[in-house]
Amino acid sequence: MPIPAPDPQQLVLQAEDWVEYRTGFPTLVRQFLFRKVPPTGWWHTLGSSLLTVFIMQAVTGSLLAMSYDPSPNGAYESIRYITDQQTLGWLIRGMHKWGASMMVILLFLHMGRVFFYGAYKYPRELTWLTGSLIFLSTMAMGLTGYLLVWDERAYWASVVAVNINGTAPVLGPFISKFLLAGPVFGAQTISRFYALHMLLIPGLIGALIFIHLWLVVKLGVTPWPGRPVPGDEVTGD
Ligand code: HEM
C-alpha cells in the first residue's frame, strides 16, 4: 500500500506546535505582529530605520574586523588592503562609514519626532531614558571608531578629543586616562579603542535597544498630538 505524501501545511503546523509547547515563542511573535497601534505615518518609521542601520553597522563592522589589524604598525595598512584589494572591501568600508553618519542623522530625526509628539512624557520616561543612553553610546562609537583608521587625521582628532574629555570636571581625567590606556597614544590606546568599538559599546547598545523596543511594544506608540484615538488604542498589548 502506498504511503500517503505528508501535507506540508500540517508539517508546518506540527513544527509550530512543537516550538510553541517548548518556548511559547510563536505566540509572542503573533502578539507582537498583530498588536493594535494608533494611526501612524512616515515619522513613525524613523525608529525602525535606526534599527536597520544599527544591524547594518553590526554586519559590516564584523566583516571589516575579519581583516583589520588593531596595531600601530598594521592598522593603516590593513585599512588600505581592505579598501584597495579585498573583494568588495571598498563597499563594506563605505557602507560602514556612511552608515555611521546615517545613524547619527536618524538619531536626531527620531529624537525630534519623539520630542515634538511629546512622546517622552508619562508613561514613556524610561523609553526616553534608554534612548538617551543609546544616543550617548552611539557618540562613543563615533569617537572610538574614528581612531581605528590610524592616519594623521584620525590620530590628531582623537588626541584632541581625549584631551578635551580630560578637561571635564570630576570624571574627565579618569575617562581620559582610561581611553589613553598608557602614557602616550600608542598600541594600548588602539587596542582599548578597538575593544570598546567592537565589543563593549555595541553590546551595550544592543541590550539597550532590546529594552527600548520592549517598552515601545508594551506601551504602544504615541499618536499625533491632539488626534483622538478611537477606543483608546494607545496600548500595544
Ligand atoms: C539605535 C537607536 C534607536 C532605535 C533602534 C530606536 C527604535 C525605536 C522604535 C522602533 C520606536 C517605535 C517607532 C517609532 O516611534 O519610530 C521607538 C520609539 C521611541 N523612541 Fe526610539 N530608538 C532609538 C533611539 C532613541 C533615542 C536616542 C531616543 C531619545 C533620547 C528615543 C526615544 C524614543 C521614545 C520616547 C519612543 C516612544 C515614541 C512614542 O511613543 O511614540 N529613541 N524607538
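**Chat about the model**

A: Let's start with Thr 138, which touches Met 103, Leu 107 and Ile 205, leaving aside residues up to four places away in sequence; contact here means heavy atoms within 4.5 Å.

A: Before going on, this is a predicted model: local features need pLDDT of at least 70, side-chain atom pairs count only at pLDDT 80 or more, and totals for chains, interfaces and linings use all residues. Residues are numbered from 1 along each chain as its sequence is written, and side-chain values use heavy atoms, with hydrogens and water left out.

Q: Good to know. Where does Thr 138 lie?
A: Thr 138 lies in helix H6. Helices (H or I, at least four residues) and strands (E, at least two) are DSSP runs, numbered from the N terminus.

Q: And why is Thr 138 called buried?
A: Because its relative accessible area is 7%. Buried means under 20%, exposed over 50% and partly exposed in between, using a 1.4 Å probe and protein chains only.

Q: OK, switching to the ligand. Which residues come nearest?
A: Of the 26 residues around the ligand, the nearest are His 110, Arg 113, Gly 131, His 212 and Thr 222. A residue is near if one of its heavy atoms lies within 4 Å of the molecule.

Q: What lies 2.8 Å from a nitrogen atom of the ligand?
A: That's a polar side-chain atom of His 110. On the backbone side, an N or O atom of His 44 is 3.0 Å from a ligand oxygen, and a polar backbone atom of Gly 47 is 3.0 Å from an oxygen atom of the ligand.

Q: Which elements give two or more residues to the shell?
A: Those are helix H3 (46-65), helix H5 (89-116), helix H6 (125-147) and helix H9 (187-219).

Q: Back to Thr 222. Buried or exposed?
A: Thr 222 counts as buried because its relative accessibility is 12%. Its place is in the segment after H9.

Q: Which side chain does Thr 222 join in a polar contact?
A: The side chain of Arg 124, at 3.1 Å. A polar contact is a pair of N or O atoms within 3.5 Å; within protein, one must be able to donate a hydrogen and the other to accept it, and residues adjacent in sequence count only if both atoms are side-chain atoms.
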